[in-house]
Structure formats: structure tokens, C-alpha cells
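Please walk through the model below from its sheets to its cores, its aromatic pairs and a few backbone details.

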Amino acid sequence: MSAPPTHVDYQLSQLDQLEAESIHIFREVAAEFEKPVLMFSGGKDSIVMLRLAEKAFYPAKIPFPIMQIDTGLDFPEVMETRDRWVQRLGVNLVVASIDDAIAKGVVVEDGKTSRNRLQIGTLLNAIEENGFTAAFGGGRRDEEKARAKERVYSHRDEFGQWDPKNQRPELWSLYNGRLHEGEHMRIFPISNWTELDVWSYIAREGIEIPSIYYAHERSVFKRGGMLMTETPLNPMKDGESAEVRTVRFRTCGDITLTGCVESNASTIEEIIEEIAVARVTERGETRGDDKFSEAAMEDRKKEGYF
């Protein structure tokens, strides 16, 4: 009779592997960098990031603040969810306001530049003012082709700019965090996740997300091939007309640039079924800031965008 095995072979699920990788990245950054910060929009990806950070350092508190770039054009439901997460976790919230940045002359509102683009100067100024050396972002490689070029550790020079042709190798998941004076690093712990992974993780963990991700009735109008929210923050132009439809949002951002999709998916399970057969990414389908040109995202990232 053979001896019983001394160990049990097992294999982690895909979500467990992704979670373990992300938690490892959070811990590496916390150990390596003097002053990290987690960029937080209140959308599904940044909420998953916050959950991963919570698990990475539990039972201790998250050892760095979170920072939101306030455009003044955010969905109220998103801000309400943000406040509940901040209160529950007891994290320090840093709000970098575009309105304050305009008042200080950090950025200039010329009536032509979108608030989305004004986030760049506001973000870089906030990083410099607070002395942050590393900023966690929720970018994923499946979102957009410019983000597919991104490393997990994304080096930014003393001007906060990104050079996609001059990135550091990350062989065997070894990350180079060396910085010169004035430089900082952007860190993307969920780079290898897909939109479907994010939703599957939200379902598994029972994570609270803004209500606008679920199907609801909303007054919308068509603009640029997208359904946009009718609101005083986003007034209609000549020839546009609003109607009430059952919609949901796949991503959250500037209310003047973020579209919704017609959907009856009112539960996470229904959303997962919907995403599983989608052939266009959430940014490609519902973010107007990525439709300005083929290289819109890459141009913004080179200037210092998320």
C-alpha cells in the first residue's frame, strides 16, 4: 500500500491569480516608495483598486491617501459612493479641484478645452504640491491601445510626461522603481485584468459600486453617436432632443463626455452576461474624450494624463 501524499496539488482560479498579483504590486510600492497615493475616480476600476488595497494591508489601514481630480462635472451617484467608501475605510481623501486650479492659474479655462483635459495640469500640480512619488491608477491594457503599451511601473519624467518608446523592462515581474529628483511613477496594479475580470471580482467580493452602472431610466439625447445625459451641466445643442430610455453606464467620468448604453441589465450577473458578448471596450463605446482622434488617449498620456 502506497504512502499517503504529503501535500495536495491545487491551482488558483484566474481571479485569485489576478488578485494575488495586484496585492503583490500594492505591497511592493508601499515598501519601495516614500509617498504613494491612489488615484480614485469613484468608478468601478478605482473601487476594485481600493478593495485590493484594503485586502493588501488588512487588518491595518491603507497606508496612503486616495486622490480625486474633481472636474465639477461628476455624476452625483459616483460621489455619494465615494464618500461611503472613504467613511468606511477611514482613508485620507485628497481632492484636487479643477476650479481651484483655474483660480490659482495652474490651468486656463479658454472655453474650448474640455475639463477632462484640464485634469492633466491639475493632477500634475497636485502630485508636485503633495510630494507624491508614486500614483496608483486603474488603467487596464484591454481598455485602449495606448494603455496596452503601458508597463505596471510607468515612469514619468520631471515634467510628469510619459514616453511610450522609452519604458523600463519588467522581466519576471521585476519592477524598477528608481527615480531622479522631481520624477514620479504611475503604478497600474490591474493592468492585466479585463473588464469581465473586474465585473466577476465585483460579483465575488460583493463590492458596492455606483447605481448608474445598473439599468435605470434616464433622460438622454444623442450626440457623437453616444447617448448623453440631459442635465444643466450638459445642455443640449440646437437640433438635439431628449427622451427617457432604460440605460446603464459602462464607465464613469466627466458627465459631458461619458455616454451610456441601452440595457436592461439590473444585476451584476446580467451585466456579466452582457459584457461577455461585448465586442467594443467600455471606453471605445462610451467615452467622448477618446473619440477626438485615433491617438487621443496616447496624446493625453504623454502630457501626464492617468
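The paragraphs that follow take up these topics in turn.

This is a predicted model, in which local features need pLDDT of at least 70 and side-chain atom pairs count only at pLDDT 80 or more, while totals for chains, interfaces and linings use all residues. Residues are numbered from 1 along each chain as its sequence is written, and side-chain values use heavy atoms, with hydrogens and water left out. Helices (DSSP runs of H or I, at least four residues) and strands (DSSP runs of E, at least two) are numbered from the N terminus.

Begin with the sheets, where two strands pair if DSSP finds at least two bridges between them.

Another open sheet consists of four strands in the order β8-β7-β9-β10, with antiparallel pairing. Here the edge strands are β8 (226-229) and β10 (261-262), each pairing on one side only. Four bridges join β7 (residues 216-223) to β8 in the antiparallel sense, and R223 has M226 in β8 as its bridge partner.

Next come the cores. In soluble globular proteins, nonpolar side chains tend to be buried together. A nonpolar core is defined here as a set of buried Ala, Val, Leu, Ile, Met, Phe, Trp, Tyr and Cys residues joined through side-chain atoms within 4.5 Å. Buried means under 20% relative accessible area, exposed means over 50%, and partly exposed lies in between (1.4 Å probe, protein chains only). The largest nonpolar core has 56 residues, and F26, L38 and I187 have the most contacts inside it. At least two residues of this core come from each of α1 (14-32), α2 (44-57), α3 (76-89), β4 (134-136), β6, α6 and α7 (268-276). Helix α2 gives the most, with eight residues. Apart from this core lies another, of 15 residues, including I69, A101, V107 and A135.

L38 shows what such a position touches, with contact meaning heavy atoms within 4.5 Å. Beyond the neighbours within four places in sequence, L38 is in contact with F26, M49, L50, A53, F64, P65, I66, M67 and F136.

A pair of aromatic rings is described by the distance of the centres and the angle of the planes. Rings of Phe, Tyr and Trp (its six-membered ring) pair if their centres lie within 6.5 Å; planes under 30 degrees apart count as stacked, over 60 as edge-to-face and the rest as tilted. The whole structure holds nine aromatic pairs. The ring centres of F33 and Y153 are 5.8 Å apart and the planes stand at 55 degrees, so this pair is tilted. F33 lies in the loop between α1 and β1 (36-39) and Y153 in strand β5 (residues 153-156), so the pair ties together parts that are 120 residues apart in sequence. F33 is buried at 6% relative accessible area, and Y153 is buried at 3%. For W199 and Y213, the centres are 5.6 Å apart and the planes at 80 degrees, so the pair is edge-to-face. W199 is in helix α6 and Y213 in the loop between α6 and β7, 14 residues apart; both residues are buried. F26, F57, F64 and F136 form one aromatic cluster.

Some loop details remain. Y58 and P59 are joined by a cis peptide bond with omega of about 10 degrees, and P59 is in the loop between α2 and β2. In the loop between β5 and β6, W172 has a positive phi of about 55 degrees although it is not a glycine. W172 is exposed, with a relative accessible area of 74%.
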